[in-house]
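Please examine the structure shown below together with its sequence. The report that follows is intended to be read alongside it.

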Amino acid sequence: MTDHGTYIKLIGLLDERGARYRIYEHAEEGATEAVSALRGNPVEQAAKCLVVMVKLSKKTKRYVLAVVPGDRRVDLGAVKALLGGSYAGFATPEVAERLAGSVSGTILPFSFDEELALVVDPALLEQPEIFFNAARLDRSLALATADYVAIAEPRVEPVAA
């Protein structure tokens, strides 16, 4: 049985805060363009969520959950500059999944781990609602953008290319 703890935690948080959202059940899919087609949303409304590792020094690194519109990619140089790092690259799948609490392809645009800083590109927030896999390959959410910002409290910086 798959652990859906992160999904349950998210739904609990959204309900507690009175968020406006819809749940979509669909075939298992983690690729942004393919799952957007299953849900019927424009790909630019999809929240593409990637965990980036930034080296601050030889012994210090930080992790950033970079969230960009589904039709864009993460600008690693921008994330590196944002933290004043010397190097930025994608975290290993194992690290990303541990910090996000879900498998690759289902990473939420929320951080439930203090080691994972949340940064969202402003272009995504121009949409009235955002779509994302909800810590499950077979379940997605459409969430009102204003509610997302109020609940997730992301740092908003240009990190999309």
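The model is predicted. It contains an open sheet of five strands, arranged in the order β4-β2-β3-β5-β8 with mixed pairing. The strands at the edges are β4 (87-90) and β8 (155-156), each of which pairs on one side only. Strands of a sheet pair through backbone hydrogen bonds, and the pairing may be parallel or antiparallel.

| Strand pair | Sense | Bridges |
|---|---|---|
| β2 and β3 | antiparallel | nine bridges |
| β2 and β4 | antiparallel | four bridges |
| β3 and β5 | parallel | five bridges |

Strand β2 comprises residues 47-55 and is mostly covered, since seven of its nine residues are buried. A hairpin of five residues connects β2 to β3. Val 54 has Arg 62 as its bridge partner in β3, and Val 54 also stands opposite Ala 88 in β4.

Strand β3 covers residues 61-69, and its parallel neighbour β5 covers residues 116-120. Between these strands, Leu 65 stands opposite Leu 118 in β5.

Attention now turns to a helix. Helix α1 spans residues 5-16 and includes Lys 9. Is Lys 9 buried, partly exposed or exposed? Its relative accessible area is 46%. Buried means under 20% and exposed means over 50%, so Lys 9 is classed as partly exposed. The C-alpha atoms of Lys 9 and Phe 112 are separated by 9.2 Å, although these residues are 103 residues apart along the chain.

Terms used
Residues are numbered from 1 along each chain as its sequence is written. This is a predicted model: local features need pLDDT of at least 70, side-chain atom pairs count only at pLDDT 80 or more; totals for chains, interfaces and linings use all residues. Side-chain values use heavy atoms; hydrogens and water are left out. Two strands pair if DSSP finds at least two bridges between them. Helices (H or I, at least four residues) and strands (E, at least two) are DSSP runs, numbered from the N terminus. Buried means under 20% relative accessible area, exposed over 50%, partly exposed in between (1.4 Å probe, protein chains only).
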